[in-house]
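Let's take a walk through this one, starting with a pair of helices and then moving on to a strand and its partners. Have a look at the sequence and the fold before reading on.

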Amino acid sequence: MEGTESLRNILDLERRKGYTDRAVIGGLDRYFHRHAEQLRELTKDPQLLEEFDALNLADSSYGSLDPEERRRWLADVTGWLERIERPVKEAVNGRRTQDRPARPTPVKKKPRVRAATGRRKRKEAELDAPITVIKGITPNVADRFAKLNVRVVHDLLRFFPRRYVDYSQTKPISELVEGEEQTVIGTIWEAKVATLGSRRGTEATIADETGTIRAVWFNQPYLAKSFRTNSRIVLAGSVGLFRGNKVFESPEWELLKDTELIHTGRLVPIYPLTQGLYPRQVRKWTKQAVDGYAWQLDDFLPADIKARCELLDLPEAIAQIHFPDDRATAVRARERLAFDELLLLQLGVLARKRDWKEGQPGNAFHVAPDIVSRFLGCLPFELTQAQERVLKEVLADITQPKAMSRLLQGEVGSGKTVIATLAVLIAAANGYQGAIMAPTEILAEQHFTNICGYLAQIGSEERHDEPGEGAVRTYTGFLPRPLTVALLIGSLGRSEKAGLQRKIAQGEVDIVIGTHALIQKEVEFSKLGLAVIDEQHRFGVLQRSALRQKGFNPHVLVMTATPIPRTMALTLYGDLDLSTIDELPPGRQVVKTKCVEVHDRAKAYTFLHRQVLNGRQAFIVCPLVEESETLEAKAATTEYERLSREVFPDLKLGLLHGQMPGSDKEQVMRHFRAGDFDILVSTSVVEVGIDVPRASVMLVEGAERFGLSQLHQFRGRVGRDKEQGYCMLIPEKLSPEARERLLLMEKVHDGFVLAEKDLEIRGPGEFFGTHQSGLPDLKLARLSDLESLQLTRQEAISLFQSDPTLKRAEHRLLRKQLSLVWSDSAEWS
Ligand code: ADP
Ligand code: MG
């Protein structure tokens with residue numbers, strides 16, 4: 001092989017042959033393996049050498065790539081070849097040729113001083129420059145970064161590591177132990193190419209004052225050249241045993257020069273990578289970006305907020321999140337950056353809220369202490385501390401002359417209904433109407449029964465369930481006047497509905513409980529003061545605002561048992577304040593949960609059968625079929641038939657799926673609740689919030705397909721009274737990750753923790769669908785971090801109070817940043 005000529009010819013030929021690996025006999029890999037070392041000798045430039053090593057020609061696997069990958073990889077090799085040829089040609093031609101592909105121009109480091117004038121434009125230009133301005137980032141590499149949404153320098157600064165490996169604690173060689181990740185600093189005694197197994201690699205002996213250790217790198221014979229005798233080197237990685245001697249096996253390495261260590265001897269950042277990006281390179285590039293550009297970032301956070309919340313400066317935070325001094329600083333860097341994300345999010349949301357609320361006064365209620373105490377006195381239980389706290393928050397809101405907009409979240413069974421009931425009672429006591437909207441008739445009926453149950457304890461009840469009226473009940477002895485409660489659902493007869501609507505319009509009904517029927521255009525309230533929306537994630541934003549529109553800026557309380565993710569997204573979305581009941585009433589038992597292997601399914605059936613014979617009921621949930629409710633319904637129907645015929649011929653089974661008309665669904669649920677079925681076979685539609693007191697078993701098939709939060713919701717359907725509840729999870733295919741996830745269900749019974757885990761596993765983007773929601777993207781912040789949410793909310797609120805449009809000079813940068821992150825969102829303009 002002479003110079004680069006023959007390689008170039010081969011590459012050209014391969015390209016012309018359409019990347020079919022037919023340019024050389026025996027395939028390109030063989031050619032590369034044979035000539036890698038020769039090629040490496042063609043340059044002395046350390047940068048080019050590093051790039052060459054990353055290409056890993058000595059151990060290439062071109063043959064196994066698909067055509068597109070082949071094209072990219074060859075383009076990289078060609079790019080490298082061009083760059084090593086260039087200095088020669090330039091020397092010959094004495095000038096730069098213009099027709100070559102854009103070449104990364106090395107950026108001169110700017111002095112670390114900020115000039116006051118005329119800089120802003122330039123600074124922006126630099127941060128917005130394509131990443132090819134970074135030394136070593138070729139257009140091809142840039143393409144790969146583009147896949148990770150990294151295009152300009154600023155993106156690279158915000159291309160955050162996923163985690164760090166801790167190579168910061170160095171050890172004397174004599175203290176190394178086998179089987180652990182460790183770091184040593186030593187001197188190279190000897191380094192040579194060696195045959196390791198059947199392949200060539202590098203072998204080196206490293207020494208410090210306490211001893212020596214061997215290190216080997218498989219398949220990387222070219223490394224030997226970089227390891228000069230007597231150079232200082234850092235090795236980090238796991239120590240194994242070979243013929244009784246300790247040895248570093250393919251450790252991370254770094255020669256110790258006077259520059260900062262980036263691959264070893266510190267907390268080393270690990271970046272999310274894509275095909276064709278190599279960790280050592282990415283680290284070098286982010287380091288260049290940090291050193292060259294981080295200081296140019298404008299810190300848009302007002303100084304007083306930074307001081308109050310003890311946050312790092314922006315450039316500092318960016319530098320530290322990539323290459324942290326220590327764990328604590330990494331955490332602080334993350335805090336600062338996550339704070340930014342949440343603050344900007346909150347500011348945007350507040351701006352929206354301001355837009356619709358501005359100038360609209362709400363109704364300030366008077367909360368008579370005796371009403372509260374009389375109501376609470378009638379309950380057969382004491383409120384939990386969490387309920388007390390949340391009640392205070394709600395009561396404080398509704399005494400304000402501005403409409404409440406609050407989300408109440410709490411586990412299934414945490415007792416949200418009492419809070420809502422008291423709130424609507426207070427509305428009634430103030431001469432307003434209250435409404436509670438639930439997603440299904442069953443739930444609405446359930447609320448109606450419960451609320452009437454409470455009221456019957458306080459006053460005397462008069463029912464007028466006669467035809468033509470719907471379910472209407474009147475209570476005396478609670479308010480100075482009679483209090484009327486009604487149930488408005490779609491399945492009422494025409495005349496019943498009309499009669500009820502008339503009463504509502506004339507103000508003869510104080511509290512209306514219902515379904516979507518409440519927001520039909522025929523329904524007019526005479527004076528709606530407070531609206532409660534239960535299981536709010538089942539309603540769209542439009543339905544929520546439709547109920548709001550039924551009154552003159554009424555107080556709104558929305559409730560949910562699905563804490564995260566939907567709730568949190570909606571919290572921000574819907575501009576709601578947040579209350580959480582994070583405590584269950586005393587004596588509640590956790591639903592015993594067990595992962596059951598497929599081959600033990602028969603045992604699960606036996607258990608379920610026994611429970612039914614003991615008077616209990618059971619749910620069997622069929623696997624989720626993504627994207628197709630039809631297929632899902634079909635599968636559930638088949639399963640229902642199989643179970644009825646072959647497994648439980650002696651029991652009564654019901655079937656519920658999403659393809660059934662709404663009224664049929666209601667019917668089935670009603671029958672199940674009434675005990676007409678022993679087992680309900682269902683798709684994932686099985687109602688949230690439904691109370692079937694006798695149900696004790698929840699069996700979920702294909703459990704690994706559901707999110708943890710959803711599984712938690714399912715199991716919330718059982719064990720609703722004093723009897724022990726059981727949840728059996730039967731996975732279809734059990735990968736190690738799926739097993740780990742499902743085992744969490746056995747151990748963890750806190751819905752918030754499970755939601756959090758879901759979030760960790762599936763990632764926030766996918767989880768919250770922030771892209772679809774029009775919210776800015778969150779990279780570091782967690783919407784589940786209530787504390788940070790509250791903190792940023794407070795800061796956002798006080799910012800808004802002092803400078804609503806962020807017009808003041810000290811808020812100029814913040815305003816600019818705000819419009820940047822919200823630029824993709826239609827709502828912000
Ligand atoms: P959810 O939050 O799921 O809507 P509910 O409001 O339906 O829960 O309450 C579930 C059950 O717990 C109801 O039967 C209710 O009467 C009861 N309950 C509510 N609060 C308490 C409490 N503090 N102590 C005991 N039982 C309570
Ligand atoms: Mg409820």
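How are H1 and H2 oriented relative to each other? Keep in mind that this is a predicted model. Helix H1 covers residues 5-16 and helix H2 covers residues 28-40, and their axes come within 12 Å, crossing at roughly 155°. Anything over 145 degrees counts as roughly antiparallel, so that is the relation between H1 and H2. The crossing of H1 past H2 is left-handed. On the H1 side, Ser6, Leu7, Ile10, Leu11 and Glu14 make the contact, while H2 brings in Leu28, Tyr31, Phe32 and Leu39. Sort those by class and you get seven nonpolar residues, one polar and one charged.

S13 is mostly covered, with six of its six residues buried. In a regular strand, side chains alternate between the two faces of the sheet. Here, Leu483, Val485 and Leu487 point one way from S13, and Thr484, Ala486 and Leu488 point the other way, yet all are buried.

S13 also has strand partners. Strand S12 (residues 471-476) runs antiparallel to S13, and five bridges join them. In this pairing, Arg473 sits opposite Val485 of S13. The S12 and S13 hairpin has six residues between the strands, and Gly477 takes a positive phi near 95° there. With strand S14 (residues 511-514), S13 pairs in the parallel sense instead, over four bridges. There, Leu488 stands opposite Gly514 in S14.

Technical notes: Residues numbered from 1 in each chain as written. Chains lettered and ligands numbered in written order. Predicted model: local features only at pLDDT ≥ 70, side-chain atom pairs only at ≥ 80, totals over all residues. Heavy atoms only, no water. Axes fitted to C-alpha atoms, helices over the stretch in contact; angles between N-to-C directions. Helix = DSSP H or I, 4+ residues; strand = E, 2+ residues; numbered from the N terminus. Parallel < 35°, antiparallel > 145°, perpendicular 65-115°, else oblique. Left-handed = near helix turned anticlockwise from the far one by under 90°. Contact = heavy atoms within 4.5 Å. Nonpolar A, V, L, I, M, F, W, Y, C, P; charged D, E, K, R; others polar. Buried < 20%, exposed > 50% of the residue type's maximum accessible area, 1.4 Å probe, protein only. Pairing = 2+ DSSP bridges.
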